[in-house]
Amino acid sequence: MTSCANIARTDHHAEHLRERAAVLEKRAGRLPDPIGDRLRHNADRLRRTADEHDRTRITPPESAP
């Protein structure tokens, strides 16, 4: 998470974070544990950030027809 109150993310950003996490996980499987563990930790952090976006995003109300 970030401590900056001015951060703004879109659904596209959250999707990109999850894609990057998947890349890190894949790389982690091919590297020795100290480095692999670090990459897995970073992947988890990116997923948590994306999940936080999903939980707290603000969407405009749908307009009535």
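Biologist: How far does α2 reach from its first C-alpha to its last?
Modeller: This is a predicted model. Helix α2 has 24 residues. At 1.5 Å a residue, the expected reach is 34 Å. The computed reach from first C-alpha to last is close to that, at 34 Å.

Biologist: Which residues of α2 are buried, and what covers them?
Modeller: The buried residues of α2 are G36, L39, A43, L46, T49, A50 and H53. What covers them includes another helix, α1.

Biologist: Is H53 buried or exposed?
Modeller: H53 is found in helix α2. Its relative accessibility is 9%. Buried means under 20%. Therefore H53 counts as buried.

Biologist: What does H53 touch, not counting residues up to four places away in sequence?
Modeller: Contact here means heavy atoms within 4.5 Å. With residues up to four places away in sequence left out, H53 touches R9, T10, D11 and A14.

Biologist: Which residues make up the largest nonpolar core?
Modeller: In soluble globular proteins, nonpolar side chains tend to be buried together. Here the largest nonpolar core has nine residues. They are A14, L17, A21, L24, A28, L39, A43, L46 and A50.

Biologist: Which helix gives the most to this core?
Modeller: Two helices each supply at least two of its residues: α1 (11-28) and α2 (33-56). With five residues, the helix that gives the most is α1.

Biologist: What does A28 touch, not counting residues up to four places away in sequence?
Modeller: A28 is one of the residues of the largest nonpolar core. Leaving out residues up to four places away in sequence, A28 touches G36, L39 and R40.

Notes
Residues are numbered from 1 along each chain as its sequence is written. This is a predicted model: local features need pLDDT of at least 70, side-chain atom pairs count only at pLDDT 80 or more; totals for chains, interfaces and linings use all residues. Side-chain values use heavy atoms; hydrogens and water are left out. A nonpolar core is a set of buried Ala, Val, Leu, Ile, Met, Phe, Trp, Tyr and Cys residues joined through side-chain atoms within 4.5 Å. Buried means under 20% relative accessible area, exposed over 50%, partly exposed in between (1.4 Å probe, protein chains only). Helices (H or I, at least four residues) and strands (E, at least two) are DSSP runs, numbered from the N terminus. The expected span of a helix is 1.5 Å times one less than its number of residues.
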